[in-house]
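I opened my notebook and went through one structure, topic by topic. Here is what I looked up.

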Amino acid sequence: MAGGPPECYLALVPPASLHNSVTDWVDECARLAQPDRVHWCDGSEEEYRALVAGMLRDGTLLPLDPHKQPDSYLHRSHPSDVARSENLTFICTDLKEDAGPTNNWMSPKEAFEKLTPLFRGAMKGRTMYVVPYLMGPAGSPYARMGIELTDSAYVAASLKIMTRMGKVALDHLGGSDQFVRGLHSLGDLSPERRFVCHFPERRLIWSIGSGYGGNALLPKKCFALRIGSWIARQEGWLAEHMLILGLQDPEGEVTYIAAAFPSSCGKTNLAMLVPPASQKGWKVWTVGDDIAWMHFGKDGRLYAVNPEAGFFAVAPGTSEKTNPNMMATIRKNTIFTNVALRPDGTPWWEGMDGAAPAEATDWLGKPWKPGSPTKAAHPNSRFTTPARQCPAISPSFDDPQGVPISAILFGGRRARVAPLVFEAFDWRHGVFLGATMGSETTAAATGQVGVVRRDPMAMIPFCGYNMADYFAHWLRVGARSDEAPSIFHVNWFQTGPDGSYLWPGFGENLRVLRWILARCRGKADAVRTPIGFLPTREALDLGGLNLPESSVQRLLSVDIEAWTQELADMKAFFDKFGTRLPEELWQEHDRLSHRLKLGAA
Ligand code: OXD
Ligand code: MN
């Protein structure tokens, strides 16, 4: 992995204006990792081009066709380094209880003792890139600074796409020493020596042994969610695994929605939804597809910014049908990782429109043909692409104040149990819905179909502290405001007896968003049920869908028996947190149980 940009781009002297604590920390890390060169990134286009040129020379990147896929590249990662390593991800708080039962914990002492020898000399023969970056719009009171030190040019180039990088970040920092420190090295890429350690009390991340985005692009999951959620609790705001979208009605008014879904539940597609022809005059604006930082404003409303500047999304399944806006976004300036390559120098993956190519090179660089026993693209192959290229990017994407959120959606993949949509009775009940959120595993992922994994607020892999305290934090912040968003639960994934989906999904999800919007405006009918408010049949536009009556019935009704069975699983999950779990959530559990009994009577 030697190489890097040509000598003329090496700036060995840090910008003079930098506060000592930045330079001290960089020097300290350089003494430990012993890179041959230190490059302070300025975030310029020339620098990006030089990084790419270096990677094309050393084979880290392969060029794609310059006409069909301009300024885009293919990266093939080490075959053992293709996804987030949850089992090697640690929260290193001083007290084990502060990490809680859903995180792996390591004491800071043990982590430093274990990782220091791994970092010692790890960057010999390599360049250490000093990457200052800003999370959130420039000039925003909610934006935060971080610096990542990395020996991966692929990481440095990806950060140029995913963050506001370089000068803009250093300008924001001014003379302050308030920034999140992230030290990353590819190490030897061995899973035995791979660790992603977070020290929330020290606002520090140490990651070694992986070049995969979720482990190596430290601003994303490590900072914006794990360290971010810790800071958010201390300061009274929310750092969430949520998309942000603006729903524009035919009169031109835009209402903003934030939504949390576990992976493989269509979060990016929903963020970029294209309304079907039947939904004339409606439009969805994309503010973010993965992370929302949300603060209550002086007016009591919750304002969200997307801390990221790019999308790092899963390729397989992305197509003109599922996400035309994303297909338009990735047409240029995109780094593809572990996708297949067609003979004409364009990327390909399973689920892309049209027939599979007659021949291709698979993600491992081997020849592939339709009918081959393996997939051409890795199932978690990705692309990294600038958010501003999205045709639906919101005019408020860069708004320093963020966008006011009217509704929060929680959702999962449930073949049964959860109806299409329902609304919480109030904030507290909504937090209970988020805290008990579950999603069924699929056969492709685990071999066990229909096993419910509890994934509260889709934050199980990303909450940087004890989730019992996280629930308490959610309860507290909402209680402070009369203007808190309404909370809804959605499920696009109910299936019928033959396993096919009852709801068409994709663009048609707009119909559900319209009901949610109308509820927020006090203009839609609902029926009160034991689990929350469900739309009346007339309140939800089903026109032209030709859904069988039995499907409509299932989509819009509550299966009391199935919900009663859920109670035990929810309790088992809550029990993990012992006495630390907020009493309010037990009360909500009891109330649900009581309402279900009455409903069954
Ligand atoms: C992601 C994830 O990459 O949730 O966004 O894993
Ligand atoms: Mn995510």
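**Helix H2.** I checked the length of helix H2 (residues 45-58) in this predicted model. H2 has 14 residues, and at 1.5 Å a residue it should span 20 Å. I compared this with its end C-alpha atoms, which are 20 Å apart, so the two values agree.

Next I looked up which residues of H2 are buried. They are Glu47, Tyr48, Ala50, Leu51, Val52, Gly54 and Met55. Just after H2 I noted Gly59, which takes a positive phi of about 85 degrees.

**The manganese ion.** Which residues coordinate the manganese ion (ligand 2)? I found Lys221 (NZ), His241 (NE2) and Asp290 (OD), at 2.2 Å. Along the chain, these donors follow the spacing K-x19-H-x48-D. His241 and Asp290 link distant parts of the chain, 49 residues apart. I placed His241 in the loop between strand S12 (238-240) and strand S13 (243-248). Asp290 sits in the loop between strand S15 (283-288) and strand S16 (292-296). Both His241 and Asp290 are buried.

**His473.** I found His473 in helix H13 (residues 467-479). Is His473 buried or exposed? Its relative accessible area is 2%, and the cut-off for buried is under 20%, so His473 counts as buried. I left aside its neighbours within four places in sequence and looked up its contacts. They are Ala232, Arg233, Gly236, Trp237, Leu238 and Tyr465.

**Pro250.** This residue lies in the loop between S13 and strand S14 (254-260). With a relative accessible area of 45%, Pro250 is partly exposed. I looked up its separation from Gly281: 31 residues in sequence, but 4.3 Å in space, C-alpha to C-alpha. Not counting residues up to four places away in sequence, Pro250 touches Lys280, Gly281 and Trp282.

**Strand S24.** How many residues of strand S24 (residues 382-386) are buried? I counted five of its five. In a regular strand, side chains alternate between the two faces of the sheet. I sorted S24 by face: Arg382, Thr384 and Pro386 are on one side, Phe383 and Thr385 on the other, and both faces are covered.

Then I looked up the partners of S24. Strand S18 (residues 310-314) pairs with S24 in the antiparallel sense over five bridges, and Phe311 stands opposite Thr385. S19 also pairs with S24 in the antiparallel sense, over three bridges. There, Phe336 stands opposite Phe383.

Terms used:
Residues numbered from 1 in each chain as written. Chains lettered and ligands numbered in written order. Predicted model: local features only at pLDDT ≥ 70, side-chain atom pairs only at ≥ 80, totals over all residues. Heavy atoms only, no water. Donors = N, O, S within 2.8 Å, 3.2 Å for Na, K, Ca; no water. Helix = DSSP H or I, 4+ residues; strand = E, 2+ residues; numbered from the N terminus. Buried < 20%, exposed > 50% of the residue type's maximum accessible area, 1.4 Å probe, protein only. Expected span 1.5 Å × (residues − 1). Contact = heavy atoms within 4.5 Å. Pairing = 2+ DSSP bridges.
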